[in-house]
Amino acid sequence: MADLSKLRALVAQSCRILGKLNLTKEPSGHVSARIPGEEKLLIKARGPEESGLRFVQPRDIITVDFSGKKTVGEDGLETPQEVFIHTWLYKTRPDVQCVVHVHPLTVVLFTICNKPLQPLYGAYDPSGLRLLVEGLATYPRSITVSSDGLGQEFAAAMGQKQVCLMRGHGITSAAASVEDATLAAIKLNDAAVINYQAALLGTPVPIPQEDIELLVGRTRAGSKAVHANSNWRYYCKLLGEEEN
Ligand SMILES: [Zn+2]
């Protein structure tokens with residue numbers, strides 16, 4: 001079996017970053033990564049011995065199969081109820097290697113009020129802009145995604161998008177790497193904070209379509225990977241840690 005210690009450490013580091021940034025409520029939320037070549041995933045455990053995201057260590061990351069059953073992990077650490085968000089995204093999207101599910105308050109406010117997140121900024125954060133104009137789906141139900149049937153329904157609602165807003169609940173992001181899925185969750189939260197604060201200050205005006213096309217085209221074409229690397233390094237340093 002492949003050595004999964006590095007991937008486990010990376011998933012734990014993603015949890016700590018999301019926790020440090022207060023992107024979830026209490027101990028809720030989980031990050032997972034597909035185990036290459038197997039119908040299994042590593043996922044942050046819930047249960048009586050669980051840690052809140054901010055405090056997650058590699059021991060908190062258990063192995064689960066695609067039916068949601070724990071196959072490796074300590075006693076007191078259990079499969080999250082909403083593991084089906086993760087299993088169904090891995091089953092239906094071969095491109096997805098990591099899934100993040102968290103409950104960020106400011107994003108949830110927009111789902112409660114049914115207000116769209118508008119493209120209000122450009123050069124401030126071009127990759128955040130791209131996520132807003134290309135990457136959002138919505139899951140209209142507010143329930144816990146705790147069965148295969150609901151997982152399938154959720155994955156269909158998310159489609160091929162990078163992020164799904166879940167009404168009165170939270171968000172899910174999916175990407176080809178742990179770093180990209182984590183950064184998508186962070187950038188979505190930043191977008192919600194800016195939309196919220198701009199609405200408090202006055203009447204937000206979306207940036208011109210011409211600028212959107214220019215900036216989104218640019219992030220698609222070139223510098224995305226470089227920025228993703230340096231952004232990830234920034235958040236690792238914020239934890240006082242090196243990159244895994
Ligand atoms: Zn949830």
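Colleague: Why is histidine 101 called buried?

Modeller: In this predicted model, histidine 101 has a relative accessible area of 0%, and since the word buried applies under 20%, histidine 101 is buried.

Colleague: What makes histidine 101 a donor of the zinc ion, and which other residues are protein donors?

Modeller: The protein donors are Glu82 through OE and His101, His103 and His169 through NE2, and they lie 2.0 to 2.2 Å from the zinc ion; because a donor has to be within 2.8 Å of this metal, these atoms qualify. In sequence the donor residues follow the spacing E-x18-H-x1-H-x65-H.

Colleague: Why is the site of the zinc ion called irregular?

Modeller: The angles among its four donor atoms run from 89 to 155°, whereas a tetrahedral label requires all angles to lie between 85 and 135 degrees.

Colleague: How do you know that the buried residues of H5 line one face of the helix?

Modeller: In helix H5, residues 148-158, the buried residues are Leu150, Gly151, Phe154, Ala155 and Met158. Seen down the axis of H5, these buried residues fall within an arc of 135°, so they line one face of the helix. They pack against helix H2 (83-92) and against strands S6 (136-139), S7 (163-166) and S8 (170-175), while just after H5 glycine 159 takes a positive phi of about 60°.

Colleague: Which residues touch the most other members of the largest nonpolar core?

Modeller: That core has 42 residues, of which Leu18, Val31, Val100, Leu117, Ile186 and Leu188 touch the most other members. Its largest share, nine residues, comes from helix H6, residues 178-201. A second, separate core of 25 residues includes Phe66, Tyr90, Phe154 and Ala174. As for leucine 188, if neighbours within four places in sequence are set aside, it is in contact with Val107, Leu117, Leu131, Leu136, Val163, Leu165 and Ile171.

Colleague: How many disulfides are there, and what can be said of cysteine 113?

Modeller: The count comes to zero. The closest cysteine sulfur to that of cysteine 113 belongs to cysteine 164 and is 18 Å away; because a disulfide needs sulfur atoms within 2.5 Å, this is too far for a bond. Cysteine 164 is in no disulfide, as the nearest cysteine sulfur, that of cysteine 98, is 16 Å away.

Colleague: Which of the two, cysteine 113 or cysteine 164, is buried and which is exposed?

Modeller: Cysteine 113 has 52% relative accessibility and counts as exposed, because the cut-off for that word is over 50%; cysteine 164, with a relative accessible area of 0%, is buried.

Colleague: What makes asparagine 22 and asparagine 114 count as exposed, and where do they lie?

Modeller: Asparagine 22 reaches 55% relative accessibility and asparagine 114 reaches 68%, so each passes the limit of over 50%. Asparagine 22 lies in the loop between helix H1 (5-20) and strand S1 (30-34), and asparagine 114 lies in the loop between helix H3 (105-112) and helix H4 (126-134). Although neither is a glycine, asparagine 22 has a positive phi of about 60° and asparagine 114 one of about 55°.

Colleague: Why is glutamine 13 called buried?

Modeller: Glutamine 13, placed in helix H1, has a relative accessible area of 0%, so it falls under the 20% limit and is buried. Apart from neighbours within four places in sequence, its contacts are Trp232, Cys236, Leu239, Glu241, Glu242, Glu243 and Asn244.

Conventions:
Residues are numbered from 1 along each chain as its sequence is written. This is a predicted model: local features need pLDDT of at least 70, side-chain atom pairs count only at pLDDT 80 or more; totals for chains, interfaces and linings use all residues. Side-chain values use heavy atoms; hydrogens and water are left out. Buried means under 20% relative accessible area, exposed over 50%, partly exposed in between (1.4 Å probe, protein chains only). Helices (H or I, at least four residues) and strands (E, at least two) are DSSP runs, numbered from the N terminus. The arc is that of the directions from the helix axis to the C-beta atoms. Contact means heavy atoms within 4.5 Å. Donors are N, O and S atoms within 2.8 Å of the metal (3.2 Å for Na, K and Ca); water is not among the atoms, so sites may look incomplete. Four donors count as tetrahedral if all angles lie between 85 and 135 degrees; four count as square planar and six as octahedral if opposite donors are over 155 degrees apart and all others between 65 and 115; anything else is irregular. A nonpolar core is a set of buried Ala, Val, Leu, Ile, Met, Phe, Trp, Tyr and Cys residues joined through side-chain atoms within 4.5 Å.
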